[in-house]
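Here is a briefing on one protein model.

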Amino acid sequence: FFFLPPVGAFVIADPHNWVALVAFLVVSLVASNLSAVARDRTRVAETRRDELARLLDLSRDVLLITDSQEAHARLAGFITRRFDLDYAAICVPQESDWLVFRAGPRELTLDPRELSSAFRSAHMEHRLTADGVSLIPLRLGTKPIGMVAAAGRPLEPGTFDAVAGIAAIALERAQFLDER
């Protein structure tokens, strides 16, 4: 367009050049789409690697918990810190009320009715409250023993389920150490 005659005009005289131009355009579109897909997959893989590293760090933190009296509060703090959350809580049913052990810079009040409803339907994997707090049951085997609540940075459901599993194991371990 700028350097070949006729300057300032886009003219292709030979039909073979039209075929070449179309081929170049098709190849550039395909390469661009493949590049975008590769970037997306790389981003997803990096996110999963990051979450696995955070889960590993959380499981190491769990080994530091030896006292069941402080296990709930420390565990909420570990979850908040490792996953950069604004709020995390370990919620344990206590007769007709809930014991809630909170951590994080954000102050939230969880509705006991929502916690009870989520606990009763503990077969569900994930529930989101009206405040944007994610709830997932803590389970020992198939028996629900409490709830984990989190708000802030979004977590993938699989990661959140793994966090709840690690938390349940940590609480059971601390209780076992106290009994021993």
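Two strands pair if DSSP finds at least two bridges between them. Helices (H or I, at least four residues) and strands (E, at least two) are DSSP runs, numbered from the N terminus. This is a predicted model: local features need pLDDT of at least 70, side-chain atom pairs count only at pLDDT 80 or more, and totals for chains, interfaces and linings use all residues. Residues are numbered from 1 along each chain as its sequence is written, and side-chain values use heavy atoms, with hydrogens and water left out.

- An open sheet is formed by 5 strands in the order 2-1-5-4-3, with antiparallel pairing.
- Strand 2 (97–103) and strand 3 are the edge strands, and each pairs on one side only.
- Helix 2 packs on this sheet and touches strand 1 (85–94) and strand 2. Contact means heavy atoms within 4.5 Å.
- The direction of helix 2 makes about 150° with that of strand 1. Axes are lines fitted to C-alpha atoms, for helices over the stretch in contact, and angles run from 0 to 180 degrees between N-to-C directions.

**Strand pairs and partners**

- Strand 1 and strand 5 run antiparallel and are joined by 6 bridges.
- Ile 90 stands opposite Val 148 in strand 5.
- Strand 4 and strand 5 (residues 143–152) also run antiparallel, joined by 7 bridges.
- Leu 135 has Ala 149 as its bridge partner in strand 5. For Pro 137, the bridge partner in strand 5 is Met 147.
- Strand 3 (residues 127–128) pairs with strand 4 in the antiparallel sense over 2 bridges.
- Arg 127 has Leu 135 as its bridge partner in strand 4.

**Hairpins**

- The hairpin of strand 3 and strand 4 has 5 residues between the strands, and Gly 132 takes a positive phi near 85° there.
- The hairpin of strand 4 and strand 5 has 2 residues between the strands, and Gly 141 takes a positive phi near 70° there.

**Burial**

- Strand 4 (residues 134–140) is largely enclosed by the rest of the structure, because 5 of its 7 residues are buried. Buried means under 20% relative accessible area, exposed over 50%, partly exposed in between (1.4 Å probe, protein chains only).
- Helix 4 lies across strand 1, strand 4 and strand 5, and runs at about 45° to strand 4.
- Thr 159 sits in helix 4 (residues 157–179). Thr 159 is buried, with a relative accessible area of 8%.
- Not counting residues up to four places away in sequence, Thr 159 touches Glu 51, Leu 55 and Phe 83.

**Helix 1 against helix 2**

- The axes of helix 1 (residues 15–62) and helix 2 (residues 68–82) come within 10 Å and cross at roughly 155°.
- The two helices are therefore roughly antiparallel to each other. Angles under 35 degrees count as roughly parallel, over 145 as roughly antiparallel, 65 to 115 as roughly perpendicular and the rest as oblique.
- Helix 1 contributes Arg 54, Asp 57, Leu 58, Asp 61 and Val 62 to the contact, and helix 2 contributes Leu 75, Phe 78, Ile 79, Arg 81 and Arg 82.
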